[in-house]
Amino acid sequence: MLFKTAEEIYLDANATTPVLPEAAKAAHEAMQELFGNPSSNHTSGLRAREILESARRLAQSVLGVTSDQGQIIFTSGATEAIQLGIFSCLCQLKEQRGQFDPSTATNIHRINSEPFTADVGNEANGVNSPKRFLLYGATEHKAVPQALQHWNRLLCFGAEVTAIPVDRKGHLDLDFLSQHVPLADMVCTMAINNETGVITDLKQVEATIRKSNPDVLWMVDSVQAIGKIDMRLGSTTIDYAPFSGHKIYAPKGIGILYARKSAPIVPLMAGGGQEHGARGGTENLPGVAAIAAVLQQLTDSPSRSFNDQQTLEDYRQRLIAQLKTTFPSLVLNAPLDTSAPTTINFSVQGFSSKELLDLFDAAGIRVSSGSACGSEVVGSYVLEAMGLPRWQSEGAIRLSFGPLITTAEIEAACQQIEQVGFALCESCLVVAPQASVDRRPIDGLVQLKNGSTCTWLLFDADSARCLIIDPLPELAPRIASLVRCQESHAIAILDTHAHLDHHSCRTELLTELGPLALPSAHNADLLGWPQQPDGTLELADQTIAPYLQLGNKVLAQTELPGHTKISSAYLFGPLNDGKLKGKLKNRLDGTPIRMTQSDVKFAFLGDTILMGGLGRSDFPTSVPDKMYDSLKRISRLINPRTIICPTHDYTNGFATCLAAERTQNELLNRVLSESGIDENDFLIRKREMDARITQSDNMTDIICGHVSDSIDESVGDLLEVPKHGLQELLSRQPNVLIVDVREPHEFVFTLDWKAAGFGCPPISIPLTRLTGEIPRLQQLSENEERTILFLCRSGKRSSKAAEVAWRNGIRSVGHVAGGLALHTSIHSLAPQSQSDVGYVI
Ligand code: PLP
């Protein structure tokens with residue numbers, strides 16, 4: 001199937017909008033021609049001042065207020081406008097209470113790093129006075145609670161900053177509000193939520209507040225509302241309303257604070273008296289000119305919005321219908337009837353928001369995993385406040401379009417979302433409803449992760465057989481759909497040990513896979529090892545081990561007690577010299593087949609050796625005195641570069657090897673050294689290490705091993721190819737092998753690699769397959785002296801891949817800093833031909 005990467009489809013308007021051409025033109029004019037200082041009294045200044053004042057008049061008109069009702073103050077954005085409102089409110093209250101004279105500011109002296117709590121003395125009101133509150137909606141943009149905390153602390157205000165809870169639909173708890181508002185010094189709510197689009201019924205909130213506290217200062221964050229709904233404020237009792245230019249097609253760096261006539265303004269910045277004394281500093285005139293051009297469009301609309309609600313709702317319905325076709329298990333995270341039609345917040349069971357975001361981005365669709373400011377944070381505090389389950393909050397995607405979007409753009413977005421669906425089917429992440437979609441065969445090791453826990457899958461494409469190791473319940477749907485879509489048959493579903501931190505989903509998988517789970521997978525012991533393995537072989541320490549055959553490779557099983565009493569190690573690799581072909585078939589001939597140290601390419605050791613640490617041995621099921629021998633035994637069974645695949649990856653290191661561990665895993669190194677440590681000393685040290693886990697980790701999750709606090713993360717000279725450095729590098733070093741570590745469903749949306757300066761398409765080794773490909777990369781690096789250069793979307797995954805490769809002995813390795821995002825222009829996004837799609841080496 002031919003995947004087309006669209007030119008950029010921008011569906012993240014709640015984060016920022018493009019700039020309206022009229023706004024850009026006005027800003028340009030203000031820079032090139034009308035560049036005077038609005039405070040100057042000559043003609044250039046007067047012309048500039050007119051831009052400023054006419055913008056103010058336009059803002060008044062859009063907001064439906066006269067100069068008698070309130071003032072318009074231009075700021076750098078909404079965050080500043082929020083600070084100005086909150087600062088002014090708290091200063092005035094302090095002043096009224098005789099505690100603070102803003103003109104001298106003499107008592108702003110105690111900068112306490114801890115926020116005040118109610119019990120720390122309510123100094124604003126005297127020790128015995130009742131608690132006072134600064135109230136804000138629990139789903140407010142972070143700028144609001146952060147600013148409340150900040151000024152409460154800095155001004156020694158002493159109130160309790162308290163969130164007003166919301167219900168499942170994101171609506172404020174009005175009972176809570178009416179209970180607390182009599183003792184509130186300020187109330188902050190929002191008109192439309194930036195993550196969910198949920199609209200607040202401001203009339204209801206106003207009635208609740210004013211019923212019992214007519215004078216409390218009330219701020220309404222209106223950033224996401226202007227241009228979408230009518231925000232005429234003149235007839236309301238809203239005291240402060242912040243707005244932001246870059247959410248309404250003006251550039252970044254310009255915002256507005258509307259302040260009701262009776263609401264105090266205490267300048268945050270003192271200076272030349274600009275903004276009628278409310279904000280010192282020469283005004284951002286290009287920004288003001290730009291926002292004026294946008295406001296002009298809004299004043300021309302009787303509803304004060306860019307587009308009519310029904311059109312926008314139709315667009316939203318069209319997008320939702322397409323999304324549901326692509327992701328049949330999609331759930332919406334906010335009610336449609338009370339949210340702005342320009343926002344869709346959804347989750348898809350089994351997918352993290354990071355995965356979805358990467359996928360959409362690869363297809364040229366820009367969406368977000370929550371608010372742009374919090375995109376690095378796992379989970380959405382907004383959805384958590386609404387009481388949504390964790391998977392929904394951690395998997396949330398926000399798709400938001402600007403009210404000026406066109407039908408053609410919506411159609412293009414839908415077409416591209418359809419392509420996303422095909423890509424997911426091809427890479428077996430969802431099972432294709434359309435028989436026509438090709439699936440990409442998987443051959444080799446796949447590493448799936450949920451948090452820090454790993455499941456390992458071994459596929460053999462030719463024989464359509466697979467092995468599953470340490471299956472996690474959270475990953476069960478993904479494992480099942482991969483196996484099913486590959487039409488592979490599970491020979492065994494194994495666990496390295498009985499895990500204490502999670503249960504194995506072997507039983508669920510056996511049912512889920514139906515006939516794809518072979519009889520050997522059913523007739524198995526407690527850890528899933530088949531009662532009738534394919535035979536036995538001799539391991540490098542001359543012990544005899546049963547094995548299972550997977551294509552032309554074997555998986556041998558041996559006991560490895562320590563972390564738990566019943567623990568298995570699984571050793572996987574091809575047997576050299578055609579041993580497998582010849583002898584396995586004739587295993588009754590009496591000669592044992594040998595699996596040497598270097599035959600073992602991958603060792604699944606459960607929680608015995610972790611990256612930078614050892615599995616703990618203080619569980620009730622542990623046998624600490626066996627661990628020492630188990631560690632020594634491992635070094636006899638595998639070679640220093642055998643890839644160790646752990647069950648837990650607490651350092652996000654993917655996989656390791658004995659050579660690497662001996663440099664960063666001190667106790668292991670001592671066990672393995674000639675003049676190392678005896679068993680008694682090891683037990684003492686190990687006990688101390690295990691004790692530190694429970695002492696230092698106050699997490700509720702069970703930690704299965706100790707990872708050194710001083711783990712050596714340093715990696716050698718990793719090559720960092722900067723923006724514009726790629727071509728020069730490729731011409732200097734033609735032996736560079738570029739490896740794209742994005743997942744297959746991202747890689748199919750490739751681009752015009754030549755135009756992007758890559759010479760030819762890179763090869764694809766998705767991060768989930770990286771561990772499995774390390775032995776081959778080691779060979780390429782050693783035997784062919786190739787430099788390996790990893791590439792991804794943003795430079796994060798590629799930098800991680802380079803570290804993993806380096807730790808596993810590949811020395812000439814690096815990554816493309818900034819990833820495809822910086823190394824490609826929108827113009828190099830182009831349909832690729834089928835032959836351009838390389839796959840694993
Ligand atoms: N309030 C809301 C609801 C927002 O969405 C944002 C921006 O995301 C802000 C405040 C902060 O706006 P600015 O970027 O102009 O500081």
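Let's start with one residue. D470 is buried, with a relative accessible area of 2%. Its place is the loop between strand 15 (465-469) and helix 13 (476-485). D470 is not a glycine, yet its phi is positive, about 55°. Why point that out? Most residues other than glycine have a negative phi.

Keep in mind that this is a predicted model.

Here is another residue of that kind. Y249 has a phi near 75°, a positive value, and Y249 is not a glycine either. Where is Y249? Look in the loop between strand 7 (240-244) and strand 8 (255-260). Is Y249 buried or exposed? Buried: its relative accessibility is 7%, and the cut-off is under 20%.

Now step back to the whole chain. The chain has 841 residues, and 58% of them count as buried. There are 25 helices and 31 strands. Take the contacts between residues at least 6 apart in sequence: 72% of them join residues at least 24 apart.

Seven strands form an open sheet, in the order 21-17-18-19-20-22-25, and the pairing is mixed. Which strands stand at the edges? Strand 21 (594-595) and strand 25 (643-646) do. Each has a single partner strand, so one side of each has no neighbour in the sheet.

Look inside the sheet at strand 17 (residues 535-539) and strand 18 (residues 544-550). These two run antiparallel, and four bridges join them. For an example, find E538: its bridge partner in strand 18 is I544.

Helix 17 (residues 624-637) touches strand 17, strand 19 (553-559), strand 20 (568-574) and strand 22 (602-606). The direction of helix 17 makes about 155° with that of strand 19. Helix 23 (residues 767-783) also packs on the sheet, and touches strand 22 and strand 25. With the direction of strand 25, helix 23 makes an angle of about 170°.

Now helix against helix. Two packed helices are described by the angle between their axes and the distance between the axes.

Pair one is helix 8 (residues 309-326) with helix 12 (residues 407-426). Their axes are 9 Å apart, and the angle is about 10°. Under 35 degrees counts as roughly parallel, so helix 8 and helix 12 are roughly parallel to each other. Helix 8 brings Y315, R318, L319, Q322, L323 and T326 to the contact. From helix 12, the residues include I410, E411, C414 and I417. What classes do the residues of this contact fall into? Eight are nonpolar, four polar and three charged.

Pair two is helix 3 (residues 78-96) with helix 4 (residues 143-154). Their axes come within 10 Å and cross at roughly 40°. Helix 3 and helix 4 are therefore oblique to each other. The crossing is right-handed. Helix 3 contributes T79, I82, Q83, I86, F87 and L90, while helix 4 contributes A143, V144, A147, L148, W151 and N152. That contact has nine nonpolar residues, three polar and no charged ones.

The angle is about 35°, and the axes are 9 Å apart. Is the crossing left-handed or right-handed? Helix 2 passes helix 7 in a left-handed crossing. Among the contact residues are A48, I51 and L52 of helix 2, and L285, V288 and A289 of helix 7. By class, there are 13 nonpolar, three polar and no charged residues.

Notes:
Residues are numbered from 1 along each chain as its sequence is written. This is a predicted model: local features need pLDDT of at least 70, side-chain atom pairs count only at pLDDT 80 or more; totals for chains, interfaces and linings use all residues. Side-chain values use heavy atoms; hydrogens and water are left out. Two strands pair if DSSP finds at least two bridges between them. Contact means heavy atoms within 4.5 Å. Axes are lines fitted to C-alpha atoms, for helices over the stretch in contact, and angles run from 0 to 180 degrees between N-to-C directions. Angles under 35 degrees count as roughly parallel, over 145 as roughly antiparallel, 65 to 115 as roughly perpendicular and the rest as oblique. Ala, Val, Leu, Ile, Met, Phe, Trp, Tyr, Cys and Pro count as nonpolar, Asp, Glu, Lys and Arg as charged, and the others, Gly among them, as polar. A crossing is left-handed if the near helix is turned anticlockwise from the far one by less than a right angle, and right-handed if clockwise. Buried means under 20% relative accessible area, exposed over 50%, partly exposed in between (1.4 Å probe, protein chains only).
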